[in-house]
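Here is a short briefing to read alongside the structure. Please keep the viewer open as you go through the points.

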Amino acid sequence: MRVWLTYIFALGTVVLLFYALITDRVSPEQQILGEWKEISWEYEKVDKNERVARYRHISDFVKQTMGQHLIIHQAETWTFLDNGKLKLRGEDKEEIVSWTIKGRGHILELRHDNDAVEYYDITGLDQQKMMLNFDSDMQVRGIAKLTFEKI
């Protein structure tokens, strides 16, 4: 009888600990709310070539070339609103798109008014910093990493 009580107590402790961990965690939907300023674009995965490694940071020209077909890449400040809208503010323009977080809280979906959809992997998100990755199949090779700082 005493052994069963020990097992029940241990199981109850594990269940309570698991429940406390789940309920204490802030959801990515809440964590992403607010204003974020784009601070850098970097190649995260490139060929192991010394010549290419020198160009780890993406120049403004390459960034504009990569983002020709993606309006989002020309924005400098992203403001996530709690109604599922994202305000993109660049130097000379502003746009509102819809956002949702999918998967296990690691995929950011952005839907434009013209039904264009963009997907980003959220590779880092905390109170001060957000890192997004996207695959680029344009003329540049590698995976670009966008880093934002909370304003």
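**Salt bridges and their surroundings**

Glu-35 is partly exposed, as its relative accessible area is 26%. Please bear in mind that this is a predicted model. The mean pLDDT of the chain is 79, with 72% of its residues at 70 or more.

**Charged pairs**

- A search of the whole structure turns up three salt bridges.
- One of them brings the side chains of Glu-35 and Arg-89 together at 2.5 Å, N to O. Because Glu-35 belongs to strand β1 (residues 34-45) and Arg-89 to strand β3 (residues 85-89), this pair ties together parts that are 54 residues apart in sequence.
- Arg-89 has 31% relative accessibility, so this residue counts as partly exposed.
- Lys-102 forms a salt bridge with Glu-109, with the closest N and O atoms 3.1 Å apart.
- Arg-111 also meets Glu-109 through their side chains, in a salt bridge of 3.5 Å, N to O.
- Through shared partners, salt bridges join Lys-102, Glu-109 and Arg-111 into one network.
- Is Glu-109 buried or exposed? Glu-109 counts as buried, because its relative accessibility is 7% and the cut-off for buried is under 20%.
- Lys-102, at 39% relative accessibility, counts as partly exposed, and Arg-111 is partly exposed too, with a relative accessible area of 35%.

- Glu-95 sits in strand β4.
- Glu-95 is buried yet has no salt bridge. Its nearest side chain of opposite charge is Lys-93, 5.4 Å away, whereas the cut-off for a salt bridge is 4 Å.
- What does the side chain of Glu-95 make a polar contact with? The partner is the side chain of His-112, at 3.1 Å.

**Strands and hairpins**

- Strand β4 (residues 94-102) and strand β5 (residues 107-111) run antiparallel and are joined by five bridges. Within this pairing, Thr-100 has Glu-109 in β5 as its bridge partner.
- The hairpin of β4 and β5 has four residues between the strands, and Gly-103 in the turn shows a positive phi of about 70°.
- On to the next pairing: β5 and strand β6 (residues 117-125) are antiparallel over five bridges, and Leu-108 stands opposite Tyr-120 in β6.
- Five residues separate the strands in the hairpin of β5 and β6, where Asp-115 takes a positive phi near 70°.

**Aromatic pairs**

- How many aromatic pairs does the structure hold? There are five.
- The ring centres of Trp-4 and Tyr-7 lie 6.5 Å apart with the planes at 70°, so this pair is edge-to-face. Both residues are in helix α1 (residues 2-24), three residues apart, about one turn of the helix.
- Trp-4 counts as exposed at 61% relative accessibility, and Tyr-7 counts as exposed at 57%.
- Trp-78 and Phe-80 make a tilted aromatic pair, 6.3 Å centre to centre and 55° between the planes. Both Trp-78 and Phe-80 are buried.
- A cluster linked by ring pairs holds Trp-78, Phe-80, Trp-99, Tyr-120 and Phe-148.

**Confidence**

- Among the elements of the chain, strand β2 (residues 77-80) has the highest mean pLDDT, 93, and helix α3 (residues 50-53) the lowest, 54.
- Where pLDDT is low, the predicted coordinates should not be read in detail.

Methods. Residues numbered from 1 in each chain as written. Predicted model: local features only at pLDDT ≥ 70, side-chain atom pairs only at ≥ 80, totals over all residues. Heavy atoms only, no water. Pairing = 2+ DSSP bridges. Helix = DSSP H or I, 4+ residues; strand = E, 2+ residues; numbered from the N terminus. pLDDT = per-residue confidence, 0-100. Phe/Tyr/Trp six-rings, centres within 6.5 Å; stacked < 30°, edge-to-face > 60°. Buried < 20%, exposed > 50% of the residue type's maximum accessible area, 1.4 Å probe, protein only. Lys, Arg positive; Asp, Glu negative; His and termini not counted. Polar contact = N/O pair within 3.5 Å; in protein donor to acceptor, adjacent residues only side chain to side chain.
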